Each structure stands twice: as C-alpha cells, then as structure tokens.
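Take a walk through this chain, from the overall contact pattern down to two residues. Here are the sequence and the model.

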Amino acid sequence: MKDELKKKDEQKLEEMQQEINAADADESDEAEEAASESAEDEKEAEQPQDEHAAQIEKLTADLKEKEDRALRLQADFENFRRRTSKEKEELSAVVTQGMLKDMLPLLDNFERAMAAEAKDSEAFQKGVEMIFTQFTEILKKNGLEHIEVEGQKFDPNFHQAVMRVQNADLEDDDIAQELQKGYMVKGRVIRPAMVQVVAN
C-alpha cells in the first residue's frame, strides 16, 4: 500500500515536473519571441531614424544652396547698382560737356561784343540779337521747349496762376496774359509759365 502511494506520489511529482518543464519551455519560447520582436522593433525604429537623418541632411543641403544663391543674387544686385550709378554719373558728365561745348561760340560772341566800341548802337543791337538767336538755338538743340499759353486754357501742370482778372471777351479759365515764360525739357516742365487767368 505504501509502495503504491509512493509510486503515485512519484508519478504525480513527475507529471508536475513535466508541467513545470513545459511551462519553462513556453516561457523560454515567449522570451525568445519577445526578444525577436524587440529586435525587429529596434530595426524598424532605426529605419525611420535613418530616413529622418537622410531627410534632414537633404533639407540642410537645399537650404545651404538657396542661401548661397541668395547671396550671389545680392552681390549681383550690388554690382549692378554700382555700375548703373557710375554710368549715370558718366552720362551726366557727357551731357554737361556737350551743352557747355555748344555754349562756347556764344561766349566768344559775348566777348567780341563787349570788346567792340559801343559807338554804333544799331550794330550793337544787331549783335545782341544775333547772340540771343544763337543762344535760343543752342537751348532748343538741347531739348528746351517754350510752354505755349496763347489761346490756351489754364492747366496747373504747365501754368502758374498769379492773378485772376475779368475779361468779357474770354471764357473762365482762359489765359489772359503771360507774365513770365515757362519751359520744358523733353516733355518735363522745369518752370511753369506765370500767367493771368480769367475769372468772370
């Protein structure tokens, strides 16, 4: 009887040991699976990190390229600005030289008129008229135009009204009289004509 009980106990112990071994084996398998999954997760985590690093590197390179391009454009613009400024100065100097060169014969005629004896007033007047004509031609050649006022309506772009007068023969805003001539250079007013304007 004791032997049977002992046998049963041993059998029971053996079964329990097998169960324990099976449970340990399951745990070991689960641990291996978990370790494998963890390694795969790490690999997957590393992949996005590698992708992010590559993307950051690409964006950094693009940004640097754009910065370099912006700096080049800025330098080009500065060079262009300096060059145009220099060209303007040179052009202005050429225009001034050209006009002064045109004025030299006029200066010569003034010197001759002043050196001549003023006994013959008629000849002197003719000389002054010739100088005036020559001077007018030089100014016209350089783009000076007289602003017409005769028969014109008042226009604040070209005329400066200094007086208002009544005149039954003219309409309102007609120019009654020119008090000082106005001038333009190539379409741009440099001095408006000073005028009397009708206000009935």
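In this predicted model, 61% of the contacts between residues at least 6 apart in sequence join residues at least 24 apart. Contact here means heavy atoms within 4.5 Å.

The chain holds two helices and six strands. From the N terminus, their order is α-α-β-β-β-β-β-β. Helices (H or I, at least four residues) and strands (E, at least two) are DSSP runs, numbered from the N terminus.

Next, the surface. Of the 200 residues, 10% count as buried. Buried means under 20% relative accessible area, exposed over 50%, and partly exposed in between (1.4 Å probe, protein chains only). The accessible surface comes to about 17,100 Å² (Shrake-Rupley method, 1.4 Å probe; for residues, only the protein chains shown count as cover). Carbon and sulfur atoms account for 53% of that surface.

Now look at Gln196, in strand β6 (residues 193-198). Gln196 is buried because its relative accessible area is 11%. Leaving out residues up to four places away in sequence, Gln196 touches Met163, Val165, Asp174, Ile175, Ala176, Gln177 and Leu179.

Turn to Phe158, in the loop between β1 (144-146) and β2 (159-165). Phe158 has 29% relative accessibility, so it counts as partly exposed. Beyond its neighbours within four places in sequence, Phe158 contacts Ile147, Met184, Val189, Pro192 and Ala193. Phe158 and Ile190 are 32 residues apart in sequence, with 9.5 Å from C-alpha to C-alpha.

Residues are numbered from 1 along each chain as its sequence is written. Local features need pLDDT of at least 70, side-chain atom pairs count only at pLDDT 80 or more, and totals for chains, interfaces and linings use all residues, while side-chain values use heavy atoms, leaving out hydrogens and water.
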